[in-house]
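Subject: Structure for you to look at

Hello,

Here is the structure I said I would pass on.

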Amino acid sequence: MLKKTLSSIIVCLTFVLNIQAQTSKADSSEMVTLRIDPDAARGATVSQIFDEVKFIPLETTKESLFGSISQLRTTKDSYVIYDYDTKSVLIFNKDGKFRAKVNSSKVVADANEKDKQVFYGFNLVKNKDESLIRISSGKNYFFFDLDGKLIKKEAIGKRTAEDRYIKFADSITTIAPFYVYKNGKDSTNYEIAILNDKKEIGLYFPFESDRFEKDQYIGSGNPLTEYGTDNELFYVRYYEYNLYKIKPKSVSLAYRIIFPASISLPKNFMDMTEYKKKRIEYFEKNPGQIYGISNPYLIGDNIYFKINIWGWSQDKKNALVYNLKNGDLTSLKNLEPDARSQFLPVTDGGSFYDFTNNGFHSYEEGYLYTSYSSLALFTFKDLNAGKDRKYDSVLTKFFETQNKKSNPIIIQLKPKKN
Amino acid sequence: MLNLLKLVIALIFAMAINNAMAQQSKPSLPGSTKGILRDTAHNYVLKSATVSIYKMADSSLISYQISNNYGEFSFKNLPVGVSLRLDASHVGYQTLRKKFTVPSDKNFIDLGTLIINPKDNTLEEVTVTIPPITMNGDTLEFNAAAFKLDSNAVVEDLLRKIPNVTLWGDGQITVNGREVKSVLVNGKPFFGGDAKVATQNIAKNALDKIQVYNTVKDKNNPLDSTLTVNLKLKKGKELGFFGKIGGGYGTDDRYEADLSFNVFSPKMQLAIVGASNNINKSLNNVNTLINNSTFKGVGTNVEYQPDFRASGINQPNAGGVKFTYNFVEKPTWENRNTVTSSYFIQNTNNDYVSNSETTTSINTTDKIYEQNSNTSSNVNNNQNFDARYDLTKKNKALTFSHNFSRNKGESTNETFRNALNTQNVLTSTNNTFNQNSFDNTRFSFQVDFRLSQNYMKPKQLIKSLNLSYMITVNDNENNRSNLTDFISVTNPASNRRFDRRYETAYNSVYQQMNIELPNLKSLFFGNSNLGGIDFELSNSLNLNNRKDDNQVQDLNTATNNYINNAYLSNYVETHYIEETPGLTISKSFYKNLSNRYNKNLSLNFSPKQKFIRQENRSQRSFQNITRNYQRFMPDASIGYTDNQFGEYYKSYSLSFNTKVRIPSLDQLAPLTDSTNLYSLQRGNLNLKEAVDRELSLSLNHYDQTNKNTLNYNLSLTAGFTKNQIVDSTFIDDQNRRTNFLTNANGNRYLNFYGDARKAFKFKTSELQINLNSQISNTKTPGYTNSLFAFSKNFNTNTSLTVNYTYKSYLALAIGQTYGTYRSEQEAFNTLYKGINKASTLSSSYNVTKKFTLNTNISFNQSSSSNTDDINFTIWNANAVYRFLKGNNAEFKLSALDILHQNTNIINYGSGNSFTVGSRNVLQQYFMTTFSYYPRQFGKKAPVKK
């Protein structure tokens with residue numbers, strides 16, 4: 001009996017040591033603490049924040065009609081968007097002209113699938129100047145060119161976490177979220193693994209594989225964001241206000257944000273056992289507390305990010321820009337349109353829902369992208385009635401030929417770096 | 001008469017349009033202003049702030065609006081050269097106050113950028129003025145204090161002042177064109193939930209704010225949200241009382257008396273009511289009494305009138321209590337715990353007198369005329385006690401309810417009937433005298449449990465469940481005596497005379513058990529999608545056990561005592577079992593384009609199998625009938641909704657239903673009572689069950705634009721019956737009828753219903769138009785003297801109502817109803833038709849704040865193909881004077897049916913006959929009424945504003 005107990009203790013110990021040995025710790029030596037009170041965020045004119053503002057109405061035809069943009073990526077000469085309403089990927093030229101559409105009719109359904117096989121997003125595979133749209137549907141990857149032509153089809157094989165892997169520009173480093181580390185028969189789950197040619201060089205934030213069954217984890221969007229700097233990513237953990245920076249060699253805690261106590265989760269939030277599996281109940285009772293941050297972008301001296309609370313209100317200043325140099329905090333919902341934006345709002349925050357729901361779609365090649373509906377644009381234009389506003393040729397033509405039911409508009413913004 | 005109406009409508013339209021035009025072309029107030037609100041501390045413009053403009057001299061509110069996305073505001077129709085004040089307010093900001101005057105030379109002033117400062121948290125700011133309207137998250141709030149009204153105003157008067165709100169003539173409330181589905185007070189239904197009780201009683205001064213928001217009722221269908229209005233009372237005003245005590249006396253000993261006393265606290269509501277009258281004001285339950293005793297305030301109302309159309313003279317006395325207790329002070333749709341109980345006692349005396357003539361075709365050439373003169377008087381005593389307990393927690397709901405009622409009474413009825421032949425010669429008479437006393441009790445108990453899907457637990461096998469059980473016990477006792485004299489002119493040998501007594505009693509126990517298991521897809525098919533198809537299993541079991549004990553005695557004229565009638569005295573037990581297992585297969589298609597539209601198509605198919613067993617045990621062996629029925633009864637429905645953002649919401653539905661009606665023992669093998677010679681009932685053992693199949697289509701349209709909305713509903717129902725149980729009537733020349741029953745095919749019906757409403761809101765007046773129409777077309781088979789004939793009936797009923805209100809001084813309502821009937825039997829070559837028309841003009845004029853004149857006139861015309869037109873006019877008028885502080889006392893002089901013409905017309909057709917005649921009605925009287933309305937909101941007497 002004793003023997004058995006002893007041996008099992010030893011087994012346990014070796015197991016624990018094993019994990020200890022593998023797990024890397026996020027470096028916090030260069031951590032910067034930011035104290036942010038969203039209520040104190042100020043407004044600014046559009047031209048104080050952005051150097052360029054461009055409205056790109058997307059062409060409306062019978063074929064190209066879609067609902068709203070839930071994913072947007074750019075290539076050299078086109079926009080690729082995903083629309084949840086029509087479950088399709090649409091490709092538009094940079095001038096907004098419709099180019100092609102990929103929907104379920106263009107992907108071959110699996111043998112055992114009787115219905116049309118829909119998909120819920122896309123990946124842009126960039127290869128030098130060429131870009132391919134990769135759609136994961138059923139058991140296959142489908143690769144399309146920007147004219148919507150099927151280029152190739154690959155079996156995904158066993159569906160793994162590899163779908164989510166992000167390759168760095170250095171072409172050797174891969175960031176693997178939700179990585180399962182295997183050591184003989186044992187395996188450990190990590191939120192982040194850094195792989196160098198398939199070899200683990202860093203394993204961060206271990207977690208129990210059944211944690212999502214044991215408790216409620218409410219995310220605030222994609223935890224990994226690219227912010228336009230090569231070989232760098234931001235990572236955000238559940239119920240934390242920290243921005244981790246992932247680089248080819250390590251993960252470091254770059255920014256720790258402290259909000260006023262009244263709108264912060266209690267420090268021991270995850271230890272509050274009375275709310276185990278009842279996190280939502282807690283948020284319902286404390287609708288003003290921030291349960292997560294999302295969409296962080298580091299652009300020059302500015303950090304753009306979004307705060308998420310349960311109690312939703314259009315008045316809340318939840319999309320913020322913090323200037324690391326001078327500490328200025330600007331609310332993006334309170335930007336004042338000026339000549340640079342043709343006296344039109346650059347987001348629909350505060351009036352409609354696209355910006356509130358999605359934040360910025362992406363930050364690519366020095367530009368932030370957001371979008372809003374024709375309904376919103378026409379509403380904003382109607383508010384300018386009688387003020388002798390002049391619109392550029394694109395918008396003039398749009399207002400003349402389109403209506404409130406036309407396709408959404410992409411807004412391309414070039415943020416200032418300082 | 002119709003011409004007069006047309007003229008009046010045209011006049012009103014002209015008035016309204018003039019009014020509207022006047023506003024557009026030449027605004028009475030030429031001034032305008034604009035400006036921008038800016039928070040310089042945060043360096044941005046202030047959106048959604050409330051900007052109100054007041055007249056400096058008397059602080060009266062002129063106009064208000066919410067600053068737009070650019071922080072701008074812009075006002076028109078302002079007075080020129082007058083000192084004005086602008087208040088801008090927003091949650092978290094100090095109220096900004098600015099004095100200005102619109103210069104008379106330019107009629108315009110640009111206020112430029114106004115700086116508004118954030119509230120300093122360390123300073124307790126004294127709120128100077130409250131903005132009339134605020135957006136609080138998704139809730140639109142109207143602040144009572146910002147609207148200046150008479151100190152006696154009620155909530156309804158306030159609602160009339162709000163530009164986005166329409167109060168319809170029929171009591172419905174719409175906000176921005178959308179129908180308000182429920183009106184709550186502090187989050188709870190108020191005294192039974194009728195909006196009127198809250199809006200016409202609660203003093204405007206007790207009200208903090210009116211909140212308007214959307215409630216998602218059904219988690220399964222979040223699109224199905226309803227608009228709710230919550231009346232939030234001021235702190236300290238959550239408890240109070242209101243009511244009415246009143247009495248009136250008039251000519252012909254007409255009287256009325258009302259008492260209604262209602263107390264409420266945050267958790268409890270108690271109502272005590274009582275009433276008595278002999279002017280046909282019906283008193284059916286506690287809520288009717290509460291609803292008809294509202295304070296109403298000083299607004300103009302087209303007064304509630306005694307029912308001059310009700311037939312007979314009714315003298316009801318009633319009283320009751322109703323009690324509600326909310327264990328949860330602020331109930332939500334997922335947390336509710338309420339007990340409600342009420343007791344009601346009612347005593348009614350009715351006197352009816354009617355005279356009519358029915359013409360029946362018995363073949364292509366011959367007709368029978370039956371002249372009927374009927375006098376009846378009834379005394380009825382009703383008691384009703386019920387209680388209900390509701391418990392709702394998250395996705396579970398449990399309800400217990402019971403109801404006990406007792407109905408006791410006596411009636412006497414005397415009927416004289418003469419039958420005449422085609423040549424108008426008397427052939428027979430049948431006179432009856434009935435005396436009846438009864439004592440019926442009914443008890444029912446019901447329990448319901450509903451478990452709805454918990455989206456937090458997607459892996460649950462049984463996602464939802466509905467269970468219900470109901471038991472109803474009836475105990476009826478009836479004693480009746482009947483005297484019948486049938487005298488044949490043509491054949492004295494067939495003369496009959498009866499003196500018969502009946503003692504009948506029955507007891508029935510009815511039980512109903514239902515179980516429904518929705519959302520079963522994942523239970524059987526796991527996570528597979530199945531193309532969006534879902535399943536529901538259901539089972540319904542009904543059991544009915546009934547015992548009938550009938551003892552009948554006849555007078556033996558020789559011995560002058562009553563002896564048992566061995567044929568009619570009987571004891572029957574009936575056991576009825578109905579079992580219906582069913583399956584529902586459903587599939588939904590959604591089409592959604594963000595910010596554009598939202599469409600949903602749902603298909604349901606419900607195959608059901610119904611098994612029925614009817615077992616009769618009787619002392620008469622020919623009544624020992626046991627029958628089993630089973631039938632496949634598929635139901636199906638298609639629903640389609642189309643929501644075009646900011647334009648309209650449309651819903652269509654098409655459904656197919658099957659119903660089965662089995663013949664009762666009385667239809668199969670009745671014991672024929674020979675006293676009613678004009679209608680002898682015979683059975684038919686070969687009767688089959690009738691099967692109804694019905695197809696119905698409906699369309700609803702809700703306008704979602706903000707102004708002058710048009711809403712309409714249409715529905716069309718078509719049905720056909722296989723094996724309809726119909727009469728095969730044999731009529732002899734003395735109008736003696738024997739009805740045999742038989743099955744016949746070819747019964748069809750087509751019904752149409754439509755209504756449309758449109759409102760025009762002008763600056764000082766409002767016009768509402770309401771149209772509704774009903775059309776029914778039926779084809780009924782039947783046999784008359786062995787001749788098979790279809791009788792085709794076509795009935796229509798259309799009414800148009802136009803309501804016009806001018807400020808709070810004048811209310812006008814014009815109504816026109818037009819009804820037609822047409823009955824045709826091709827086999828007999830007969831056609832009966834008739835028209836009933838009524839034009840009504842009601843008006844109410846507030847001469848002063850305390851004195852109101854109401855008048856109401858209706859022109860009625862009834863014409864029929866075979867008789868002369870009947871025209872009569874009812875004209876009622878009254879003068880109301882309110883006095884005492886708070887207008888709590890009311891003195892009213894009323895004159896009703898001033899022209900003394902009220903008549904109640906019988907004019908209808910059915911099958912191969914039509915009937916015309918009249919009944920006794922309430923006629924001219926004059927009355928003086930005094931009423932006192934005790935009311936208090938909050939612990940102290942209402943503070944004068």
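How far apart do the C-alpha centres of domain 1 of chain B and domain 2 of chain B lie? The distance is 58 Å. The domain assignment places domain 1 at residues 30-124 of chain B and domain 2 at residues 312-937. Please keep in mind that this is a predicted model.

Where the chains meet

The contact between the two chains takes 20 residues from chain A and 18 residues from chain B. On the chain B side, strands β2 (44-45) and β29 (570-593) each supply at least two of the residues that touch chain A. By type, that side of chain B divides into eleven polar, five nonpolar and two charged residues.

A sheet in chain A

Four strands of chain A form an open sheet, in the order β8-β9-β10-β11, with antiparallel pairing. Its edge strands are β8 (123-127) and β11 (150-155), each of which pairs on one side only. From one strand to the next the twist averages 25°. If you want a pair to look for, A:Lys126 stands opposite A:Ser131 in β9(A).

The nonpolar cores

In soluble globular proteins, nonpolar side chains tend to be buried together. The largest nonpolar core in this model has 86 residues. Which of them touch the most other members? They are A:Val89, A:Ile135, A:Ile192, A:Tyr235, A:Tyr244, A:Leu320 and A:Ile409. Strand β20 (residues 290-299) of chain A gives this core its largest share, five residues. A second, separate core has 41 residues, including B:Leu158, B:Leu167, B:Val185 and B:Ile202.

Apart from neighbours within four places in sequence, A:Tyr244 is in contact with A:Ala26, A:Phe234, A:Tyr235, A:Val251, A:Ser252, A:Leu253 and A:Ala254.

In helix α6(A), the buried residues are A:Ser374, A:Leu375, A:Ala376, A:Leu377 and A:Phe380. Among the elements that cover them are β25 (367-372) and β26 (409-415) of chain A.

The loop between α6 (374-383) and α7 (393-401) of chain A holds A:Asp388. Is A:Asp388 buried or exposed? A:Asp388 counts as exposed because it has 6 C-beta neighbours inside 10 Å. Its phi is near 55°, which is a positive value in a residue other than glycine.

A:Phe205 also has a phi near 55°, again positive and again in a residue other than glycine. A:Phe205, however, is found in a strand, β15 (residues 199-207) of chain A. With 18 C-beta neighbours inside 10 Å, A:Phe205 counts as partly exposed.

A loop in chain B

Where is B:Glu826? Its place is in the loop between β43 (810-825) and β44 (830-846) of chain B. B:Glu826 has 12 C-beta neighbours inside 10 Å and therefore counts as exposed, since the cut-off for exposed is 12 or fewer. The C-alpha atoms of B:Glu826 and B:Gly909 are separated by 15 Å, while the two residues are 83 residues apart along the chain.

Regards

How values were computed. Residues numbered from 1 in each chain as written. Chains lettered and ligands numbered in written order. Predicted model: local features only at pLDDT ≥ 70, side-chain atom pairs only at ≥ 80, totals over all residues. Domains from an automatic or database assignment. Buried ≥ 20, exposed ≤ 12 C-beta atoms within 10 Å, placed from the backbone. Contact = placed C-beta atoms within 7 Å. Nonpolar A, V, L, I, M, F, W, Y, C, P; charged D, E, K, R; others polar. Pairing = 2+ DSSP bridges. Axes fitted to C-alpha atoms, helices over the stretch in contact; angles between N-to-C directions. Core = buried A, V, L, I, M, F, W, Y, C linked by C-beta atoms within 7 Å.
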